[in-house]
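Thanks, everyone, for making the time this morning. I would like to walk through one model with you, so please have the sequence and the structure open while I talk.

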Amino acid sequence: MARIAGVDLPMKKRVEYGLTYIYGIGLTSSRAILTATGISFDKRVHELSEDEVASIRKEIQAGFQVEGDLRKKVAMDIKALMDMGSYRGLRHRKGLPVRGQKTKTNARTRKGKKRTVGAKAK
């Protein structure tokens, strides 16, 4: 069982895709880590030796902020925007899209379930 940064990697996947299950590591970062450690992209996670897992773990600790630390940093950055009273912070506080998307018809993911307005009881 390959466990890196508190995440169990899927055993049957190739290592380059298995590493992307760690929050904060995408495909590009995964490939950079494997290149730095000298591990083949084609290897499967269950084929990794303990030494290879340790070298991947060491590389991630040295150059990447992942999982809990990264989630905490993102939350603190959003909180700073809200405390500052910036436009983006206000959008976060109201639960609306932050990056300029239109809200007249879409944005259901951020706004939640549709609430009908003006339907009077007869």
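Predicted model: local features only at pLDDT ≥ 70, side-chain atom pairs only at ≥ 80, totals over all residues.

Let me begin with L9, which touches A2, I4, G18, L19, I22 and V45 once residues up to four places away in sequence are left out, contact meaning heavy atoms within 4.5 Å. Residues are numbered from 1 along each chain as its sequence is written, and side-chain values use heavy atoms, with hydrogens and water left out.

By a nonpolar core I mean a set of buried Ala, Val, Leu, Ile, Met, Phe, Trp, Tyr and Cys residues joined through side-chain atoms within 4.5 Å; buried is under 20% relative accessible area, exposed is over 50%, and partly exposed lies in between, with a 1.4 Å probe and protein chains only. Helices here are DSSP runs of H or I with at least four residues, strands are runs of E with at least two, and both are numbered from the N terminus.

Staying with α3, its buried residues are E52, V53, I56 and I60. Seen down the helix axis, they fall within an arc of 100°, so they line one face of α3; the arc is that of the directions from the helix axis to the C-beta atoms. These buried residues pack against β1 (3–4), α1 (15–18) and α2, whereas the face turned away from them carries the exposed residues E50, D51, K58, Q61 and A62.

What does the side chain of E52 meet in a salt bridge? The partner is K43, at 2.7 Å from N to O, a salt bridge being a side-chain nitrogen of Lys or Arg within 4 Å of a carboxyl oxygen of Asp or Glu. E52 counts as buried at 18% relative accessibility, while K43 is partly exposed at 24%.

The structure holds eight salt bridges, and another of interest is that of D42 with R14, where the closest N and O atoms are 3.2 Å apart. D42 lies in the loop between α2 and α3 and R14 in the loop between β2 and α1, so this pair ties together parts that are 28 residues apart in sequence.

Turning to α4 (residues 67–84), its buried residues are E67, L70 and L81, and they fall within an arc of 85° seen down the axis, so they too line one face of their helix. What covers them includes β2 (7–8) and α5 (87–94), and on the other side of α4, K72, M76, D83 and M84 are exposed. The side chains of D83 and K79 meet in a salt bridge of 3.1 Å, N to O.

Finally, R91, in helix α5, is buried yet has no salt bridge, and the nearest side chain of opposite charge, D83, is 17 Å away, where Lys and Arg count as positive, Asp and Glu as negative, and His and the chain ends are not counted. R91 touches L96, P97, V98, T103 and R110, again without residues up to four places away in sequence.
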